[in-house]
Amino acid sequence: MIETERLLLRPLYVSDVDVFVELHDDPQVNRFVGSFSRQQARERLTAIERQWAERGHGLCAIELKSSGKFIGRSGLQYWEQFDEVELGWALRADH
């Protein structure tokens, strides 16, 4: 977990499925990274949890400390097919 004055970054969990789907439904987000059905989001979040367990890093939820509101995701994504790690992020357009 990482805390700044305004933000909290914590690992994403399968229980974040609703906010994850909502984030990726934002037209300015899915324009670049696509959207997810609830089932696809659950599968993706399961893979993210597995990556945290296996590699010790993964994607994080970004929340406003003042309200706990989920505003996006950021973190490291391991791509097995390339054997590379990528830094990525997606933030809601209204924040």
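Modeller: Gladly! Keep in mind that this is a predicted model.

Biologist: Which strand gives the most to the nonpolar patch?

Modeller: That is strand 5, residues 84-91, with 4 residues. L87, for one, is placed in strand 5.

Biologist: Why is L87 called exposed?

Modeller: The cut-off for exposed is over 50% relative accessible area. L87 has 55% relative accessibility, so L87 counts as exposed.

Biologist: Now to the charged residues. How many salt bridges does the structure hold?

Modeller: There are 5 salt bridges. One of them joins the side chains of R10 and E63, at 2.9 Å from N to O.

Biologist: Which parts does the pair of R10 and E63 tie together?

Modeller: R10 belongs to strand 2 and E63 to strand 3 (residues 59-64), so the pair links parts that are 53 residues apart in sequence.

Biologist: Are R10 and E63 buried or exposed?

Modeller: Buried means under 20% relative accessible area. R10 has 15%, so R10 counts as buried. E63 has 13%, so E63 is buried too.

Biologist: And what joins R38 and D18?

Modeller: A salt bridge, with the closest N and O atoms 2.1 Å apart. R38 lies in helix 3 (residues 38-55) and D18 in helix 1, so this pair connects parts 20 residues apart in sequence.

Biologist: Where do E22 and R92 lie?

Modeller: E22 lies in helix 1 and R92 in the segment after strand 5, so their pair ties together parts that are 70 residues apart in sequence. Their side chains meet in a salt bridge of 3.0 Å, N to O. E22, at 45% relative accessibility, counts as partly exposed, whereas R92, at 14%, counts as buried. Elsewhere, salt bridges that share partners join R10, D16 and E63 into one network.

Biologist: Where is D16 placed?

Modeller: D16 sits in the loop between strand 2 (7-11) and helix 1 (17-25). The side chains of D16 and R10 are joined by a polar contact of 2.7 Å. Leaving aside residues up to four places away in sequence, D16 touches R10, P11 and L45.

Biologist: How do you know whether D16 is buried or exposed?

Modeller: The limit for buried is under 20%, and D16 has 7% relative accessibility, so D16 counts as buried.

Biologist: Which residues of helix 1 are buried?

Modeller: They are V17, F20, V21, L23 and H24. Viewed down the axis of helix 1, these residues fall within an arc of 160 degrees, so they line one face of the helix. What covers them includes helix 2 (27-33), helix 3, strand 4 (70-79) and strand 5.

Terms used:
Residues numbered from 1 in each chain as written. Predicted model: local features only at pLDDT ≥ 70, side-chain atom pairs only at ≥ 80, totals over all residues. Heavy atoms only, no water. Helix = DSSP H or I, 4+ residues; strand = E, 2+ residues; numbered from the N terminus. Buried < 20%, exposed > 50% of the residue type's maximum accessible area, 1.4 Å probe, protein only. Polar contact = N/O pair within 3.5 Å; in protein donor to acceptor, adjacent residues only side chain to side chain. Contact = heavy atoms within 4.5 Å. Salt bridge = Lys/Arg side-chain N within 4 Å of Asp/Glu carboxyl O. Arc of directions from axis to C-beta.
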